[in-house]
Amino acid sequence: GQSWCGSFLYYQEDKCDEGFYWCLKAAEQGLSEAQFEVGKMLFFKDETNKQQSEIWIKKAQNQGHEGF
């Protein structure tokens, strides 16, 4: 639930920070879908987050997430 809710909120312009918060919470609990979403969010946020993005996407892939 946190992952889906976070993604939904993230893509609403005025709820971006709240959405990232909920996705991150779910990702930290080990949910691969949330880990992948956090990786995507960080990737598209700005150039300084590319390394963190890769870490989260790799965590998701290690759990079987198929990625893009």
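First, the terms: helices are DSSP runs of H or I with at least four residues, strands are runs of E with at least two, and both are numbered from the N terminus. The expected span of a helix is 1.5 Å times one less than its number of residues.

Ground rules next. I'm working with a predicted model, where local features need pLDDT of at least 70, side-chain atom pairs count only at pLDDT 80 or more, and totals for chains, interfaces and linings use all residues. Residues are numbered from 1 along each chain as its sequence is written, and side-chain values use heavy atoms, with hydrogens and water left out.

**Entry 1: helix 3.** I looked up residues 32-45, which make up helix 3 with its 14 residues. From first C-alpha to last, helix 3 reaches 20 Å, close to the 20 Å expected at 1.5 Å a residue. Then I checked burial (buried is under 20% relative accessible area, exposed over 50%, partly exposed in between, with a 1.4 Å probe and protein chains only). The buried residues of helix 3 run A34, Q35, F36, E37, V38, G39, K40, M41 and L42.

**Entry 2: helix 3 with helix 4.** Axes are lines fitted to C-alpha atoms, for helices over the stretch in contact, and angles run from 0 to 180 degrees between N-to-C directions. Helix 4 covers residues 50-62, and I found it packed on helix 3 at about 160°, axes 7 Å apart. Helix 3 and helix 4 are therefore roughly antiparallel (over 145 degrees; under 35 is roughly parallel, 65 to 115 roughly perpendicular, the rest oblique). Contact means heavy atoms within 4.5 Å. On the helix 3 side I noted S32, Q35, F36, V38, G39, K40, L42 and F43, which meet K50, Q52, S53, W56, I57, K59 and A60 of helix 4.

**Entry 3: F36.** Is F36 buried or exposed? F36 is buried, at a relative accessible area of 4%. Setting aside neighbours within four places in sequence, I see F36 in contact with W56, I57, A60, H65, G67 and F68. I also looked up F36 and I55: 19 residues apart in sequence, 9.6 Å apart in space, C-alpha to C-alpha.

**Entry 4: helix 2 with helix 3.** Helix 2 (residues 16-28) packs on helix 3 at about 135°, with axes 8 Å apart. The two, helix 2 and helix 3, are therefore oblique to each other. F20, C23, L24, A26 and A27 in helix 2 meet A34, Q35, E37, V38, M41 and L42 in helix 3.
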